[in-house]
Amino acid sequence: MKNIWSWILIIVISVFVFNNCLQKNVYNEMSKDQSFIDKLRSIYSSGNSSTWPKPTLDSKAVPHFSEIGHLPKIEYPLDNPYSSEKALLGKTLFYDPRLSGSNQIACASCHDPELAWTDNKTFSFGHDRQLGSRNAMTIMNIAYATSLFWDGRAESIEKQSHMPIEDLKEMNEHIDIATDKIAKIKGYEILFEKAFGSGKVTKEKIAKAIATFERTLVSPQSKFDKFIDGQSSLFSDNEVMGLHLFRTKAQCINCHNSGYFSNNQFENDGTALLGSKQQDLGRYLVTRNPDDAGKFRVPTLREVTRTGPWMHNGAFTPLRDILTFYNNGSPEAPKKKSTVYQGITLHSKKSEMLRPLNLTVKEIEQLEAFLGTLSTRMQRLTPPKLPE
Ligand code: HEC
Ligand code: HEC
């Protein structure tokens, strides 16, 4: 009997000691994690990005790398400098459906300020409610893009602005007819005169005014901007870890870098779906270089939580699906990697920078939390009065 009691006592004591050790261990782990996050928080919010931990960069990414941070001051081109009168004219034209064949569709129909200057649709509809084949991108911060569209086919914002007017599925109007229609509207004369010194309406002036207006659409300071400037308590622990993962283990920074969160390069993200009904050859359609089959312009991640559905084809939603896709190394279905286009066999070659990331569920959550800090609040904009 005595023996049994001693055994019970020994077992109780061992369980107690073991449990205590376990708890201490868990506590140690936690405080280690916490002190690591505290340290990261203070470094990242120090106001000096040269003290940040080194980014994990692929050698291929180095030539196009610059550190993430604030958006620089906008530079207006020498042949199209800023004036508030020109921006106002541009804004008016941006909202004017009379630039379209049906007099019903304006730029603002698909680039709506309340929807982060996009339309939150997989594909936009335009003339006669026809669907396009690519997702409308936000025009916020395009002043920092070195080429426009998912395939970079427009070299400047000025050149881009005529394209949707002439696109049969978008505004479906010849630019000369659109220009004539604007010229016949009496109320526009004074706006052109104030913007350009003469009331004569030309298609070049229309392009310059719209581009000037678009260049003003810059994100205000985001939570990320304020955090790195020293407001250290603005970020949750998850957001701090997400920022660190973005620059290190998850390697997003290889392509999404600079204050614009894009290196303005064309990359194959494994999304081209060659050989399927949805195939999109992307950059190849512009350069005809087989190496460019399936490459798209690296999009900005500023405002990204507001601009879904995502990717050139709007195929991804919710945002978490993109993170899971990257975590799996952006896998391409073996049957959707090649196609014959105009007699030429083309293969999609996914970027070598994309490989499985081994992120835990928690880390994916943290990365997503960080992406949220790059978005700002919805802006309500009073539409301009259209001249008569
Ligand atoms: C019917 C919907 C629709 C209309 C109307 C429309 N857009 Fe777009 N916009 C899109 C789509 C879709 C894309 C992406 C197309 C692509 O990449 O091939 C786009 C892309 C853009 C881009 C490129 C952004 C970037 O980051 O590269 C700019 C700039 C732009 N549009 C400005 C305009 C202007 C200016 C007008 C009016 C003259 C206009 N859009 C009218 C749907 C539209
Ligand atoms: C090899 C370069 C590269 C790397 C690395 C990369 N991206 Fe991308 N990212 C792209 C390209 C190119 C696209 C556009 C692909 C398309 O449209 O099909 C894109 C699109 C996106 C989009 C959709 C944006 C939109 O407006 O539709 C998100 C979100 C995104 N990336 C987040 C990330 C995150 C988070 C990481 C790190 C886990 C990452 N990216 C790593 C090149 C890259």
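Trainee: In which helix is Cys107 found?
Mentor: Keep in mind that this is a predicted model. UniProt, in an unreviewed entry, lists Cys107 under "binding site". The helix that holds Cys107 is α3.

Trainee: Is Cys107 buried or exposed?
Mentor: The cut-off for burial is 20 or more other C-beta atoms within 10 Å. Cys107 has 26 C-beta neighbours inside 10 Å, so this residue counts as buried.

Trainee: Which residues does Cys107 touch, not counting residues up to four places away in sequence?
Mentor: Leave out residues up to four places away in sequence. What remains for Cys107 is Phe94 and Pro164.

Trainee: Which residues are closest to ligand 1?
Mentor: The shell around ligand 1 holds 26 residues. Elements giving two or more of them are α3, α4, α5 and α8. The closest residues are Cys107, Cys110, Gly126, Phe149 and Pro164.

Trainee: Which element gives the most to the shell around ligand 1?
Mentor: By residue class, that shell divides into 16 nonpolar, seven polar and three charged. The top contribution by an element is three residues, and the element is α3.

Trainee: Which helix gives the largest share of the shell around ligand 2?
Mentor: Of the 26 residues around ligand 2, Cys252, Cys255, Thr271, Trp310 and His312 come nearest. The shell divides into 17 nonpolar, seven polar and two charged. The largest share is three residues, from residues 319–327, helix α12.

Trainee: Within what arc do the buried residues of α12 fall?
Mentor: The buried residues in α12 are Ile322, Leu323 and Tyr326. They line one face of the helix, because seen down the axis they fall within an arc of 95°.

Trainee: Which element do the buried residues of α12 pack against?
Mentor: An α-helix has 3.6 residues a turn, so residues three or four places apart point the same way. In α12, Ile322, Leu323 and Tyr326 are buried. Their packing partner spans residues 361–372, which is α13.

Trainee: What is the phi of Gly329?
Mentor: Gly329 follows α12. Its phi is positive, near 80°.

Methods. Residues numbered from 1 in each chain as written. Chains lettered and ligands numbered in written order. Predicted model: local features only at pLDDT ≥ 70, side-chain atom pairs only at ≥ 80, totals over all residues. Near = placed C-beta within 6 Å. Helix = DSSP H or I, 4+ residues; strand = E, 2+ residues; numbered from the N terminus. Nonpolar A, V, L, I, M, F, W, Y, C, P; charged D, E, K, R; others polar. Buried ≥ 20, exposed ≤ 12 C-beta atoms within 10 Å, placed from the backbone. Arc of directions from axis to C-beta. Contact = placed C-beta atoms within 7 Å. UniProt positions renumbered as here; feature names shortened; annotations may be inferred.
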